[in-house]
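Visitor: Hi, could you walk me through this structure, taking it slowly?
Guide: Gladly, let us look at it together.

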Amino acid sequence: MNHLPEDMQNTLTGSQSSHTSVRDVHSINPTQLMARVESYEGREKKGISDVRRTFCLFVTFDLLFVTLLWIIELNVNGGIENTLEKEVVQYDYYSSYFDIFLLAVFRFKVLILAYAVCRLRHWWAIALTTAVTSAFLLAKVILSKLFSQGAFGYVLPIISFILAWIETWFLDFKVLPQEAEEENRLLIVQDASERAAFIPGGLSDGQFYSPPESEAGSEGEAEEKQDGEKPLLEL
């Protein structure tokens, strides 16, 4: 058997899928289209999507978790008051953990302002916070004397580094693509509803009604039988 060329098969497949999509759009009732549009617009009116809200919660968790670890470190090294005065008032870059806490505050403020308040749909803010965090932590680990101060010298820099990169991954691979997909769906549904509005009388099932073929065939057969029986009666 002769097989069709691959290009021709792809063309036929594409044409069939396009006809199917058009048929699906025109087969949807306009009321259903309007309901979908209203549902998508309702999501937009909420101001922030569910996945973006989850991202903001994770950013808040980042700040709270680093703060908790820093407070534990203050208690372990001689009490909160004495250690707080030593790390904040007598700040020393080579031995203090206070700057790691400030780094978490910096990430929280920038990301919440950019992605919760301003509802930014770009990655430049998360790129800024992650770059600053990575550069600062690498320099602090290389130059400071944190490793000689016990387990917190390892835990706080590593936790801050990991959380910053998890935030970057979550925004770039979850938040922005999912919101772009939702926006495309809204545009498609709105376009379909606008096209359906130009169809006179809407898309009702009555416009496509046709009488059953069995009844039309039975009427034709009855007329043929009557025409065939008349000559026999005359004889």
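Visitor: Let's start with a pair of helices. How do H5 and H6 run relative to each other?
Guide: This is a predicted model, and in the model H5 and H6 are roughly antiparallel to each other. Helix H5 covers residues 98-117 and helix H6 covers residues 124-143, and the two pack at an angle of about 175 degrees with their axes 9 Å apart. An angle over 145 degrees counts as roughly antiparallel, which is why the pair gets that description.

Visitor: And which residues make the contact between them?
Guide: On the H5 side the contact includes Ile-100, Leu-103, Phe-106, Arg-107, Val-110 and Leu-111, while on the H6 side it includes Trp-124, Ile-126, Thr-129, Val-132, Phe-136 and Leu-137. Sorted by class, the contact of H5 with H6 has 13 nonpolar, two polar and three charged residues.

Visitor: You mentioned Thr-129. Is that one buried or exposed?
Guide: Thr-129, which is found in helix H6, counts as buried, because its relative accessibility is 0%.

Visitor: What does Thr-129 touch, then?
Guide: Once its neighbours within four places in sequence are left aside, Thr-129 is in contact with Phe-106, Arg-107, Val-110 and Leu-111. If you look at Glu-167 as well, its C-alpha atom is separated from that of Thr-129 by 9.8 Å, although the two residues are 38 residues apart along the chain.

Visitor: Okay, moving on to the loop between H5 and H6. What is the phi of Arg-119 there?
Guide: Arg-119, which sits in the loop between H5 and H6, has a positive phi of about 55 degrees although it is not a glycine. For background, most residues other than glycine have a negative phi.

Visitor: How accessible is Arg-119, and what does it touch?
Guide: Arg-119 counts as partly exposed, at 48% relative accessibility. Not counting residues up to four places away in sequence, Arg-119 touches Gly-47, Arg-52 and Ala-114.

Visitor: Can we zoom out? How many helices and strands does the protein chain have?
Guide: The secondary structure of the protein chain comes to eight helices and zero strands. As for burial, 28% of the 235 residues of the protein chain count as buried.

Visitor: And how much accessible surface does the protein chain have?
Guide: The accessible surface of the protein chain comes to about 16000 Å², and 62% of that surface belongs to carbon and sulfur atoms. Turning to contacts, among those in the protein chain with a separation of 6 or more, 76% are accounted for by residues 24 or more positions apart.

How values were computed: Residues numbered from 1 in each chain as written. Predicted model: local features only at pLDDT ≥ 70, side-chain atom pairs only at ≥ 80, totals over all residues. Heavy atoms only, no water. Axes fitted to C-alpha atoms, helices over the stretch in contact; angles between N-to-C directions. Helix = DSSP H or I, 4+ residues; strand = E, 2+ residues; numbered from the N terminus. Parallel < 35°, antiparallel > 145°, perpendicular 65-115°, else oblique. Contact = heavy atoms within 4.5 Å. Nonpolar A, V, L, I, M, F, W, Y, C, P; charged D, E, K, R; others polar. Buried < 20%, exposed > 50% of the residue type's maximum accessible area, 1.4 Å probe, protein only. Areas by Shrake-Rupley, 256 points an atom, 1.4 Å probe, with all protein chains shown as cover.
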